[in-house]
Amino acid sequence: MTKTISLIVPCYNEEQTIPLFYDALEKTKSALRGYRLEYLFINDGSKDDTLSELRNLQQSHPNDVHYLSFSRNFGKEAALYAGLQNASGNYIAVMDVDLQDPPEQLPNMLAGIEDEGYDIVGTRRVDRKGEPPVRSFFSNLFYKLINRISSTQMISGVRDYRLMTRQVVDAILEMSEYNRFSKGIFSWVGFKTKYLTYQNRDRVAGNTSWSFWKLFKYSLDGIVAFSEAPLAIASFVGLTSFLVSIAAMFYIILRKLLIGGSVNGWASMVSILLMIGGLQLLCLGIVGRYIGNIYLEVKQRPIYIIKEKK
């Protein structure tokens, strides 16, 4: 029986990159020790001609190319989960279609599993050349923060691009949570892992769909999914505010008894009230974020809906 590597490739408005991606991956086949490549593209509700490109590619290579097309845009996390659920290969790889993930690393990843005994061989960028400085700064800040407040350690620069054994994928699929953060999930399941380094690469075509705001929201999802520290911070802020208000109350009473006179200063009073109100709203917002995630989980809605499958 032919051994297979399944390639999970999420796509959102990637009509230009799909044929380039396929051609680049086909060039690596001779170095894959006889493994067959099974392409599993996930069309995540694209608004361009991505689906048409996938249909044409699948018709040209019906045995090797398959795709799932969602009923709408569910996000990359849903696309990754759908790919993992539908992949049938002996080994499973996750790749971005824009070729920022170097295909020539795939044979080295395979060697890491078969020759060195690793369960996961991933990739890590050693620089962020070409990326806006603001984005790089906040990305590095996120990794420093998450590694301080979470027991699940995440390495800066690590990409989703990785090759995994079937055992690892089965473990990931057991985590069927609705609010998914794959970078954390890949680390949380454990297993023997190795990372290959490479220089940052630009997209071969098209434009990224990841804006700064989307990345910021994604980082918040990661913090909420893998750390309870924000809840502890909210409790600490509430306790500190309460103790300060108690101390201020005793000070005012003692001042009245010992010195006399009324306490003047409406401006300072309003400022204090606004500060306390702001702290309360901040704490409510933190708690609300966790409650919102619980709300989405208990509704048990499907993570994705498939409209078309080939």
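Is Lys194 buried, partly exposed or exposed, and what is its relative accessible area? Lys194 is partly exposed, with a relative accessible area of 23%, where buried means under 20% relative accessible area, exposed over 50% and partly exposed in between (1.4 Å probe, protein chains only).

The legends below describe a predicted model, in which local features need pLDDT of at least 70, side-chain atom pairs count only at pLDDT 80 or more, and totals for chains, interfaces and linings use all residues. Residues are numbered from 1 along each chain as its sequence is written, and side-chain values use heavy atoms, with hydrogens and water left out.

**View 1. The salt bridge of Glu116 and Lys194.** The side chains of these two residues meet at 3.0 Å, N to O, a salt bridge being a side-chain nitrogen of Lys or Arg within 4 Å of a carboxyl oxygen of Asp or Glu. Glu116 lies in the loop between α4 and β5 and Lys194 in strand β7 (residues 193-198), so the pair ties together parts that are 78 residues apart in sequence; helices (H or I, at least four residues) and strands (E, at least two) are DSSP runs, numbered from the N terminus. Glu116 is partly exposed, its relative accessible area being 38%.

View 2. Asp115 is exposed at a relative accessible area of 54%, whereas Arg33, at 38%, is partly exposed. A salt bridge also joins the side chains of Arg55 and Glu308 (2.7 Å, N to O); Arg55 is in helix α2 and Glu308 in strand β8 (residues 306-309), so parts that are 253 residues apart in sequence are tied together. By this rule the count comes to 11 salt bridges, and Lys76, Asp96, Asp101, Arg159 and Asp160 are linked in a network of them.

**View 3. Helix α1 and its buried face.** In helix α1 (residues 18-26), the buried residues are Ile18, Phe21, Tyr22, Ala24 and Leu25. Seen down the helix axis, these residues fall within an arc of 165°, taken from the directions from the axis to the C-beta atoms, so they line one face of α1. They pack against β1 (4-11), β2 (36-43), α2 (50-60), β3 and α4 (106-114), contact meaning heavy atoms within 4.5 Å.

**View 4. The largest nonpolar core.** A nonpolar core is a set of buried Ala, Val, Leu, Ile, Met, Phe, Trp, Tyr and Cys residues joined through side-chain atoms within 4.5 Å. The largest has 33 residues, and those with the most contacts inside it are Ile5, Leu7, Phe21, Tyr39, Phe41, Leu106 and Leu163. Helix α1 gives the most to this core, with 5 residues. Apart from it lies another core, of 27 residues, among them Phe70, Leu80, Ala87 and Met164.

View 5. Leaving aside neighbours within four places in sequence, Val65 is in contact with Tyr22, Tyr39, Phe41, Leu57 and Gln58. The C-alpha atoms of Val65 and Leu7, residues 58 apart along the chain, are separated by 9.7 Å.
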